[in-house]
Amino acid sequence: MTPGHDAADALIARVGVDIDPDLLVLALTHRSFAYEAGGLPTNERLEFLGDSVLGVVVTEHLYRTHPDLPEGELAKMRAAIVSQRSLAKAARALELGPCVLLGKGERTTGGHDKDSILCDAFEAILGAIYLTHGLEVARTAVMRHVGDLIAAAATSGVALDWKTSLQEACAERGLGAPVYDVVGEGPDHARLFTATVLLKGEPRGTGTGTAKKHAEQEAAAQAYASLTDVSAT
């Protein structure tokens, strides 16, 4: 089972750049599908590569366009842009979800619209673009599809990085540093992490995600909301 020619062509048109056909299929192959198909390669290596490409492009852009901002503020902006929620939004704009190859279990539980799966597939697409064309074409693709997120990050306030915002709020209130308790469950092809953030030993927020960092950010958002009047959205 692979994306049909019409679906692949339509996706390429939305992405705006040709991608090697084999790399495109690989970028869309979620680990649940690969596992059920007997151990096919997954999109995880491409996701790893795409994450790095995205980080370089976004970091350089922020560095050049915000010369007066300190490192801490730049880091918050980058965190907002490359967050799971933000990249899932970019993936939905590309209508990427229906194109991702999923195992039966993920399909029946709405996997085509899960933030974690969409985020991973989007980064894998960027990795495939990089391998097909190199950094400059990948840079153009990044700016085309996350440019609005970059613009919005400049005004996103505390939501740029919930973990940092929570740490600052705790320091202001004399609560000490937040402690994150993270537990991973499930097989390798469907790993899910649950994070609980503890403030002075008491649980104040929980979050889930296919990566520890995403689970921790969600937990931090809940905890921050519990300390302030700011909505964690």
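This is a predicted model: local features need pLDDT of at least 70, side-chain atom pairs count only at pLDDT 80 or more; totals for chains, interfaces and linings use all residues.

Residues are numbered from 1 along each chain as its sequence is written, and side-chain values use heavy atoms, with hydrogens and water left out.

Three strands form an open sheet in the order E1-E2-E3, with antiparallel pairing; strands (E, at least two residues) and helices (H or I, at least four) are DSSP runs numbered from the N terminus, and two strands pair if DSSP finds at least two bridges between them. The edges are formed by strand E1 (179–185) and by E3, each of which pairs on one side only. From one strand to the next the twist averages 20 degrees, where axes are lines fitted to C-alpha atoms, for helices over the stretch in contact, and angles run from 0 to 180 degrees between N-to-C directions.

E1 and E2 run antiparallel and are joined by seven bridges, and in this pairing Tyr-180 stands opposite Val-197 in E2. E2 and E3 also pair in the antiparallel sense, over seven bridges; here Phe-193 stands opposite Gly-209 in E3, and Leu-199 stands opposite Glu-202 in E3. These two strands, E2 and E3, form a hairpin with two residues between them. Lys-200, in the loop between strand E2 (192–199) and strand E3 (202–209), has a positive phi of about 55 degrees although it is not a glycine. Lys-200 is exposed, with a relative accessible area of 62%; exposed means over 50% relative accessible area, buried under 20%, and partly exposed in between, for a 1.4 Å probe and protein chains only.

Leaving aside neighbours within four places in sequence, Leu-192 is in contact (heavy atoms within 4.5 Å) with Val-183, Gly-184, Glu-185, Thr-208, Gly-209 and Thr-210.

Helix H11 (residues 212–227) packs on the sheet, where it touches E1, E2 and E3, and its direction makes about 140 degrees with that of E3.

The structure holds one aromatic pair; rings of Phe, Tyr and Trp (its six-membered ring) pair if their centres lie within 6.5 Å, and planes under 30 degrees apart count as stacked, over 60 as edge-to-face and the rest as tilted. The ring centres of Trp-162 and Tyr-224 are 5.5 Å apart and the planes lie at 55 degrees, so this pair is tilted. Because Trp-162 lies in helix H10 (residues 162–172) and Tyr-224 in helix H11, the pair ties together parts that are 62 residues apart in sequence. Both Trp-162 and Tyr-224 are buried. Another ring contact involves Lys-163, whose charged end sits over the ring of Tyr-180, 4.8 Å from its centre; a charge counts as sitting over a ring if NZ of Lys or CZ of Arg is within 6 Å of the ring centre and within 35 degrees of the ring normal.

In helix H5 (residues 71–81) the buried residues are Leu-74, Lys-76, Met-77, Ala-80 and Ile-81. Seen down the axis of H5, these buried residues fall within an arc of 160 degrees, so they line one face of the helix; the arc is that of the directions from the helix axis to the C-beta atoms. The buried residues of H5 pack against helix H4 (44–65), H6, helix H9 (135–153) and H10.

Two further residues complete the tour. Ile-117, in helix H8 (residues 115–133), is buried, with a relative accessible area of 4%. Not counting residues up to four places away in sequence, Ile-117 touches His-30, Val-100, Leu-102, Glu-106 and Gly-111. Glu-95 lies in the loop between helix H6 (84–93) and helix H7 (104–108), and has a positive phi of about 55 degrees although it is not a glycine. Glu-95 is partly exposed, with a relative accessible area of 48%.
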